[in-house]
Structure formats: C-alpha cells, structure tokens
Amino acid sequence: MATVADIKSALENVKYPGFAKSIIEFGFVKDVQIDGSACILTLDITSSAKEVESKLREDITQTLSGIVEEVIINIKKPEEEKQQSNSTSGKNIAPHIKNFVMVSSGKGGVGKSTTTVNLAVAAAMQGKRVGILDADIYGPNIPRMMGLQGREVEVIGNKAKPFRIHGVDVMSMGSLMQEGQALIWRGAMIMKAIEQLLRDILWENLDILFIDMPPGTGDAQLTLAQSVPVTCGVNVTTPQHVALDDSRRSLDMFEKLHIPIGGIIENMSGFICPKCNEESDIFGMGTCEALAEQYNTQVLGNLPIEPAIREGGDTGKPVVYFQPESESAKRYMIASQKLIEYVDQVSDNVSNEEIQPTTPPGVSACSTAGASTQAKSSNGGGCGCH
C-alpha cells in the first residue's frame, strides 16, 4: 500500500504547466491523505486558467495511476477575473487593486520616481496597503531607490511575486532585466509590457497602487488608462517655467484621458542648507499654484532640495521612512494625507469607459481604417489617441 511519502515522491515528476519545476518544488501540494485505496490531494495554485487546472488533473491522475486505485484532487485557485463588456463598463485587468495613482511628469529629471517612492511609503506608514509599479520602461530607478538592487524576482507558477520592503509591495522593469541593459522598444512592445506588469505580477489586494510612469504623454500612459480605471493622476514638476510648460501637457493629458487630477508636487522648491537649516529659493518657489488653479486641482506639496532626499534615493532608504523628522519627510507625509483624502473622494466614480478603443480588432487606431471608424463614433472623430 502506498504511503504519503510515496505519493509525494511520485508528484515530483508532475511539472507545473509551462515550467520546469514540479508542483512539489513550487509548494503547491498542500495536503496528501490516504483513505483506503484512494488518495486525496489538495493543491493551492496561483493561476485561475481552466486549462492549467485541467492539465494538472490529467498529469496527476496519470502519474499516480500505478500507485493508488483512485485519485481525488481538490484544487484551490484564484477566482477568474470577471470582466464585463468594455462598451458598458470600461476595462480593469487588475480588479483586486482598489485604486491606481498615475505619477507622471511632462519631462524627465524632475524627481518623479523620488516622489512616487516617498508618497507610497508615506501612505503605507498611514496604514494603507500599498504597492509601487515602476512602469518607467526606459529609466527604471525604483529598485535603487527602494534598496532592491541585485535581488532576484521570485516566480510562483506563471507569475512574478512583488518584493516587499518598507511596508510596500514593489515591482519594476529594472528587476526583470539585466542591470544597465538598454531597451529599444517600439510602442507596441511598451504597451504589452505595461499590461503584463499589471496582469502577470502577483499583486495582493491593495488600497493603492502607485505607478511611476515614463516622462511625457505617450503609449505607456494611454495603455495604462485603457487597461485599468486610474483613480487619479499626480503631476510632478519643478518651479522653473520651462518645466511648468511641460507640466501643462501632462495635466492636459489627464483631462483628455478623463483621469481626475489628484494634485501637483513641486520639487526643488527651495534649498535647505544642511548646516544652518535656512531655506533659499534658488530655483524659485510656489510657481505651480497658478497652474493648479488653472486645472482645478491642489498643490500637494512644495518639496525642497535637501541632501537627505538625494542620500535616501541613492542608498535605498526613502527619506520619509528613515529620516521622518526631516522637513522633506514631514512635507511628503502631508502630501500623502492630502492625496489619500482625494482618492477616497473620487474612488467610487472612476471609469475608463470613454477612452476604450473603438477600432476593430487588429486595426490600429491611427490607421486609415481606424480613423474612419473613429470618425463615425459618437466621440466626434479623431484617431482614438486623443
């Protein structure tokens, strides 16, 4: 008569569909019981796909057929995503995440990733279940800023598990590719990558997922907005008027994508001397108040240039977590509080129904056929790219 050890040994030959590891190695076999001539197995897998469950039942039954007379298999798995038609409800490929906050900027180099990290950590410190998705495909800086450089991604089943650090779940393209590697991708590849970062990562039930976007207003922003209902957008800028010009484009993008504007963060807003603590307006300060009024939003915070911010970013020690008494940390905490209040206000009314593509499958929204289709729609024409 077969023992539990015999059955587990045999199950080491059952590979999880699509992987070289067995269901024993992945730890998916949670319980093995012997009841007379029958074997009762309990599995807990990460995929909701019916074909994965069907393949596992087939392979397990075949593997154990010469050991036991009867095999009873109980499989626990995530519920399949229930997606209604986009024509009536919009689209959400990550429905277990309550709110999505898009952190964007009109140009690079304004401290967007630093803002994302510290707002997210501050929200976690206030009791929210928080994640960070580093969707800046070309310049993924989040791994360094969160102290994750050199750490390998754990794959469970057919999905990658986010890192957990400083109370935040984190995943970045920088952790999924070789350090220093340049990605020379066309728009279609960027769009696919954004979708996979949402769908193929084992995100838990989060209150807020902060998404660090590439600078500008392009494919990544449009793809994200069409894939999930973005709760609100945060624009990051600096006081210089050349930066504010680009910020207007970013804020205009939010409006065209029907994304509520959560607020503006003004970085490099003054300099705090580390010796005397005096604050000097070397780049100007408070220039984005008029911009916020123009777009009917709020200034979440005016963050100074403070050495602690740079040190925290370089060493993977976010200032809001490791130096909470610093002036910058206090301002990040207030900014996060304002943002959470805004998210709570608009969360229930967010939809991306109006920006779903209306072109036929396989036809680009920018093609002649796509433009023709769009022209007939009730949106008043255009190619669908807004």
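**View 1. Helix 11 gives the most to the lining of the largest cavity, with four residues.** This is a predicted model, where local features need pLDDT of at least 70, side-chain atom pairs count only at pLDDT 80 or more, and totals for chains, interfaces and linings use all residues. Residues are numbered from 1 along each chain as its sequence is written, and side-chain values use heavy atoms, without hydrogens and water. Helices (DSSP runs of H or I, at least four residues) are numbered from the N terminus. Helix 4 (112–125) and helix 11 (307–315) each supply at least two lining residues. A cavity is a set of points on a 1 Å grid over the protein atoms alone where a 1.4 Å probe fits but cannot get out; lining residues have an atom within 4 Å of a point.

**View 2. The largest cavity holds about 50 Å³ of space.** Its lining includes Thr 114, Met 145, Ala 308 and Pro 318. Six lining residues are nonpolar, four are polar and none is charged. Nonpolar covers Ala, Val, Leu, Ile, Met, Phe, Trp, Tyr, Cys and Pro; charged covers Asp, Glu, Lys and Arg; the others, Gly among them, are polar.

**View 3. The second largest cavity holds about 40 Å³ of space.** Among its lining residues are Ala 225, Leu 257, His 258 and Ile 355. Seven are nonpolar, three are polar and none is charged.

**View 4. Helix 3 (residues 86–89) has the lowest mean pLDDT among the elements, 39.** pLDDT is the predictor's confidence in each residue, from 0 to 100. Over residues 81–88 the pLDDT is below 50. The protein averages 84.

Definitions and conventions. Contact means heavy atoms within 4.5 Å. On a 1 Å grid over the protein atoms alone, a cavity is a set of points where a 1.4 Å probe fits but cannot get out, and a pocket is an open set with protein on both sides within 12 Å along at least five of seven lines; lining residues have an atom within 4 Å of a point. Grid points are joined across faces, edges and corners, and a volume is the space filled by probe spheres set on the points.
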